Amino acid sequence: MTVVTRFAPSPTGFLHIGGARTALFNWLYARGRAGKMLLRIEDTDRDRSTQAAIDAILDGLSWLGIEWDGEPIFQFARSARHRKVAEQMLASGHAYRCYASPEELAQMREAARREGRSKLYDGRWRDRDPGEAPPGVKPVIRLKAPLTGETVIDDQVQGRVVWQNENLDDLVLLRSDGTPTYMLAVVVDDHDMGVTHIIRGDDHLTNAARQKQIYDALGWPVPVMAHIPLIHGPDGSKLSKRHGALGVDAYRAMGYVPAALRNYLVRLGWSHGDQEIFSTDEMVSAFDLPQVGRAPARFDFAKLENLNGHYIRHSMDADLLEAIDRLLPHLANGPALAAKLNPHVRGQLLTAMPSLKERAKTLVDLIDSAHFLLADRPLVPDEKAKALLTEPAKGLLRDVAQQLAGIEPWTSETTEHAVRTFADGRGAKLGAVAQPLRAALTGRTTSPGIFEVLAVLGKAECLGRIADQVSLAETAPPID
RNA sequence: GCGCCCUUCGUCUAGCGGUCUAGGACAUCGCCCUUUCACGGCGGAAACACGGGUUCGAUUCCCGUAGGGCGCGCCA
């Protein structure tokens with residue numbers, strides 16, 4: 001039997017991180033078993049569903065590298081089929097018309113709560129003669145659920161979960177306006193789509209029992225179920241926007257790479273011994289449902305960031321340059337930066353990349369660390385760099401610049417030799433020269449190795465930048 | 001309120017009755033490397049929610065308690 005999973009988001013907002021993980025699990029499970037993962041857009045809530053949300057979900061999945069099989073199914077388009085199934089159930093005696101008014105329903109709910117019962121609807125139209133139907137009232141169609149016994153779900157993650165049928169009431173299958181409820185639509189769609197494994201958030205666990213009753217009434221086989229725990233915020237409460245319940249597009253804009261996010265997400269609530277790093281192939285072959293834990297996991301940006309740094313460090317230089325190109329359109333200052341990326345600067349970026357990527361946790365960090373390649377002369381040193389450019393330091397810079405001016409060829413080795421010799425000659429520590437040099441060349445106090453910076457920038461640019469800082473002092477003496 | 005689920009270092013987790021003086025990873029602290037920042041290396045601190053059982057023996061099984069979560073619509 002071919003495994004068929006599905007991801008079924010409702011397009012009422014962006015693809016949030018929890019949804020992304022659910023999609024990932026479905027995708028991994030199917031891929032690891034030569035199966036398919038289908039995509040169903042649950043757009044039956046016409047007021048809240050938007051095209052923008054659909055686009056955001058598709059875009060988010062694609063960015064994460066999660067591909068679905070076939071065309072997405074739109075649930076709303078299938079409502080005629082849903083209605084037909086409800087009528088079938090009516091005809092076969094598995095469902096009935098209920099004429100209870102909203103007021104009656106409210107009363108029943110109140111009474112149930114007062115008496116400590118979980119069953120809300122009392123089944124008053126279950127066996128009543130349709131002839132007693134009040135005139136002018138459009139009925140809903142309810143499932144004739146079993147009164148006794150139990151409903152059991154053998155969940156791949158949760159284990160065997162049992163409900164007493166006396167606690168489950170007759171759910172609505174078809175609304176009075178003839179539209180299907182979620183409960184009915186999901187069952188019919190999963191069945192028609194040939195879904196064999198339902199992997200979804202455990203907020204649906206209670207629904208699983210009710211859906212099982214519908215499957216049973218229809219005589220359809222129940223798919224394998226797996227209800228995975230939800231992701232919580234760092235404080236253990238529900239994940240909020242403040243915590244990281246953002247759209248995956250926000251993670252992209254923060255400079256996270258898909259491989260890192262996938263790796264982080266797959267390890268959240270699932271493990272494979274002590275392994276922390278998984279290539280896509282590895283996670284596809286290792287992932288399985290019984291190893292998914294039942295306790296909700298808390299979202300931890302620090303770990304995501306660490307993983308992201310790992311993936312950046314282990315990326316090919318050219319791939320990182322491409323990743324930057326792709327990220328730029330999603331950043332506020334992207335267009336300005338993109339304009340600077342002429343072939344010459346791209347070449348410098350690529351040359352500096354082995355050293356830049358060593359220091360970056362995110363692509364945004366990476367871009368920022370390349371500031372010294374992208375900034376215009378004269379550089380404006382940041383506060384800390386400015387503090388390094390004291391008058392004595394500037395004297396040192398003036399002198400070292402003279403030494404540097406005679407260097408040919410200009411490489412990290414030749415410049416290193418020159419600077420070290422210069423420092424030795426002055427009886428100065430290397431740092432005493434290197435730090436002011438860094439400040440003058442990069443405008444920062446941190447950067448890749450200073451000799452790499454020298455080499456990447458080239459002789460003329462370096463001498464120019466030193467002159468910029470040194471002469472600046474002459475034209476603008478401190479006001480004391 | 002009712003139903004269901006959950007509970008190992010701060011966090012993600014390993015552990016599936018004795019191997020646990022409880023392992024790994026992130027974060028954290030210290031040292032080393034070092035021109036800065038990182039990377040890397042070494043080391044430290046840090047957990048079985050609580051109470052009863054079952055058992056020769058419980059982190060592992062059962063029952064409570066406490067705490068947390070999810071669901072309880074003619075929403076999805």
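1. Leu441 touches Phe372, Leu379, Ile450, Val453, Leu454, Leu457, Cys462, Arg465 and Ile466, leaving aside residues up to four places away in sequence. The model is a predicted one, and the points below should be read with that in mind.

2. Leu441 also matters for the count of core contacts: together with Leu437, Leu441 has the most contacts inside the largest nonpolar core, which has 54 residues.

3. Cys98 has a relative accessible area of 3%.

4. How many disulfides does a search of the whole structure find? The search finds zero. For a student new to the term, a disulfide is a covalent bond between the sulfur atoms of two cysteines.

5. Three strands form an open sheet in the order 4-5-8, and their pairing is antiparallel. Strand 4 (95–98) and strand 8 (172–174) are the edge strands, each pairing on one side only. From one strand to the next, the twist averages 45 degrees.

6. Strands of a sheet pair through backbone hydrogen bonds, and the pairing is either parallel or antiparallel. Here, strand 4 and strand 5 (residues 140–143) run antiparallel and are joined by four bridges. Which residue of strand 5 stands opposite Arg97? That residue is Ile141.

Definitions and conventions. Residues numbered from 1 in each chain as written. Chains lettered and ligands numbered in written order. Predicted model: local features only at pLDDT ≥ 70, side-chain atom pairs only at ≥ 80, totals over all residues. Heavy atoms only, no water. Disulfide = S-S within 2.5 Å. Buried < 20%, exposed > 50% of the residue type's maximum accessible area, 1.4 Å probe, protein only. Core = buried A, V, L, I, M, F, W, Y, C linked by side-chain atoms within 4.5 Å. Contact = heavy atoms within 4.5 Å. Pairing = 2+ DSSP bridges. Helix = DSSP H or I, 4+ residues; strand = E, 2+ residues; numbered from the N terminus. Axes fitted to C-alpha atoms, helices over the stretch in contact; angles between N-to-C directions.
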